[in-house]
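Hello,

I am handing over the structure we spoke about. Please look through it first, then read the notes below it.

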Amino acid sequence: MFEKILIANRGEIACRVIKTARRMGIKTVAVYSEADANARHVRLADEAVLIGPAAAKESYLVIDKIIAAAKQTGAQAIHPGYGFLSENEDFCHACDEAGVVFIGPPVAAIQAMGSKSEAKKIMGAAGVPLTPGYHGDDQDPELLKREADGIGYPVLIKAAAGGGGKGMRLVERAEDFLDLLGSCKREAISSFGDDHVLIEKYITRPRHIEIQVFGDTQGNCVYLFERDCSVQRRHQKVLEEAPAPGMTPERRAAMGQAAVDAAKAVGYVGAGTVEFIANQDGSFYFMEMNTRLQVEHPVTEMITGLDLVEWQLRVASGEPLPLAQEQLQIRGHALEARIYAEDPDKGFLPSTGALLHLSPPAENLHVRVDTGVEEGDEISPHYDPMIAKLIVWDQNRDRALARMLQALAEYRVVGVSNNISFLSRLTACPAFANADLDTGLIEREKAYLFPEAKATPAEVWQVAALAELLREANRGAARARRDEDPLSPWHARDGWRLNASAKRDLIFRLGEDQKAVNVAYRADGYTLTVDGKSVEARGELNDRGLLRVELDGMRMDATVVAANEKRHVFLHGRAWQLSNVDPLHFAGEGGGAEGGLLAPMPGKVISLIAQAGAAVEKGAPLLILEAMKMEHTINAPAAGTVKAFRFAVGDQVGDGDELVEFEVKA
């Protein structure tokens, strides 16, 4: 077994590998960019090596720097994680040349599966079922369109070197094909350095089911059952589970054998995943093989009781697979939710910033949290905005769903937008709860997942006010303890007024809704009045914002986190972001050029669609911004005129920069 390994990655997967290596007594070396100097994976590793600036192409993607770090530290092997160089055949070859073990498959397997079109040919020869499509080398746009016309719409354009949901476009009409092809190729060249695409028939209501396979150097290969990854947005997985709902033993065996055949066809060694598109009728087709550990591998670990990273290390060191196929069993059901710094209400735009408050649910037999960040860390614009993976397990699917809802309700994130509330709605969605699954679930359940805003419950305003009052009282008590005269009345926060009753108003705003909470001080608490309705309130607040509340004798737990003027209220499994309004504060005038359109995040302008001086309708695309390797279209907010663009194609823009001078039609 290895004595020391280097992890050529960052974030949660680097931390995940370090956890297993430490348990096995293996020392770890982290690599990091300048942006990750204080990252959690750097803090956890035994050693760490700086490999370059923030941009991945100058650090995490530079093969020579990774190899040099391994040699410098005496690492015997390199674990690539997922993403970055994990499926890069040149990197695998460089490890071989340097005499460092690549913890993954051989170069030939990566090469065979690195191109989706080549992989299809190999799988066809191995008898693995294939989806109808065009996988040829001729990339002439007109030829590709003719092939798509022949296959019949809808079709899916896929980057041959793609992954992670990038470089994919669904085309439903022939007249849209060339525009979407151009967009797909631009994203593919940006993300993978290769704009080669293939065309496939788009299956209506498909399920995305993948099989975890494992091979060793002795020629053994097994499958560790399946994962259902059908719940996706923009072709990126959101919720994953194992085993797949509705899977029969016969179908599981057929898909497992097809996956093993696929792995053996390329001489596979290590952990890999064979992904299938499955019809509702049970038929299935090979989609691609990921020659690495998957993001969602924890659900497989939870139902098998195995550590797949440990298996990777053992196989890479030359040991045989720890178990044979007949020794593998499924126990219970597991779900994984990806907690992202993104805003679902704004098209899932990534969010960046400091994690001012981070409190995940407690880990135990049923709940696991894999993360690469801690409170105070930054979600950087340079990398994937994942905060954590939340994994739950229980004896059956219904109980696992209940575990997930409870764990999500306990998750607290302040400082960046996040998708926790969306994930809660998704988990509770009747279609998901009843396992009516396909890759279009989020789109077809939009009304449930993105409900119209309802009136904020009175309890939210009351809890926010109570937390504010208790925070003031706690600060006063702390000052009294430090003061030479702890009994001074000036430390009291009891609302005392000369010749007046002990009352005041606290004002909060949520969106366009603003309310005053009238506070009357009592000996053992407060009377809080909102919209003419009063409650007797008391409670206890700790320095983490945890609040034990009593409203008219009804007790409940809440969390209220103060961040500048914001008050983040977590109550009954939901979250609200209120603003504390200071009536003495004068905000001033201004706030940006009237009619200006602002960048929703840092990025690069890659296309100007409209023309300066053009009259456009509401929703018309104006420009395309690339951020985090994804394209984001900036649309006209109303009918009007494009007066001028503030940036040219290729320019970098910052969060909040004015992109377009826009005049709204009178």
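The notes below cover a sheet, a helix, the nonpolar cores and the aromatic pairs.

Please keep in mind that this is a predicted model.

Eight strands form an open sheet with antiparallel pairing, in the order 14-13-10-11-12-15-22-20. Strand 14 (284-290) and strand 20 (367-371) are at the edges with a single partner strand each, so one side of each has no neighbour in the sheet. On average, neighbouring strands are turned by 25° against each other, direction ignored. Within the sheet, nine bridges join strand 10 (residues 207-215) to strand 13 (residues 270-278) in the antiparallel sense. Arg207 has Ala278 of strand 13 as its bridge partner. Helix 11 (residues 308-316) lies across strand 10, strand 11 (221-233) and strand 13, and runs at about 40° to strand 10.

Helix 6. This helix spans residues 116-125, and its buried residues include Lys116, Ser117, Ala119, Lys120 and Met123. Viewed down the axis of helix 6, the buried residues fall within an arc of 155°, so they line one face of the helix. Their cover includes helix 5 (107-114), strand 7 (155-163), strand 9 (197-201), helix 9 (249-265) and strand 14. After helix 6 comes Gly127, with a positive phi near 85°.

The cores. The largest nonpolar core has 60 residues, and Ile5, Phe214, Phe276 and Phe286 have the most contacts inside it. Helix 9 supplies the largest share of this core, six residues. Another core, of 37 residues, lies apart from it and has among its members Val238, Ala388, Leu423 and Phe432. Leaving aside neighbours within four places in sequence, the residues in contact with Phe276 include Arg207, Met255, Phe284 and Phe286.

Aromatic pairs. The count comes to 10 aromatic pairs. One of the edge-to-face pairs is Phe91 with Phe102, at 5.9 Å centre to centre and 85° between the planes. Phe91 belongs to helix 4 (residues 89-98) and Phe102 to strand 5 (residues 101-102), 11 residues apart. Phe91 is buried, with a relative accessible area of 0%, and Phe102 is buried at 6%. Phe276 and Phe284 also form an edge-to-face pair, with 5.3 Å centre to centre and 85° between the planes. Both Phe276 and Phe284 are buried. Elsewhere, ring pairs link Tyr60, Phe84 and Tyr383 into a cluster.

Regards

Conventions: Residues numbered from 1 in each chain as written. Predicted model: local features only at pLDDT ≥ 70, side-chain atom pairs only at ≥ 80, totals over all residues. Heavy atoms only, no water. Pairing = 2+ DSSP bridges. Helix = DSSP H or I, 4+ residues; strand = E, 2+ residues; numbered from the N terminus. Axes fitted to C-alpha atoms, helices over the stretch in contact; angles between N-to-C directions. Contact = heavy atoms within 4.5 Å. Buried < 20%, exposed > 50% of the residue type's maximum accessible area, 1.4 Å probe, protein only. Arc of directions from axis to C-beta. Core = buried A, V, L, I, M, F, W, Y, C linked by side-chain atoms within 4.5 Å. Phe/Tyr/Trp six-rings, centres within 6.5 Å; stacked < 30°, edge-to-face > 60°.
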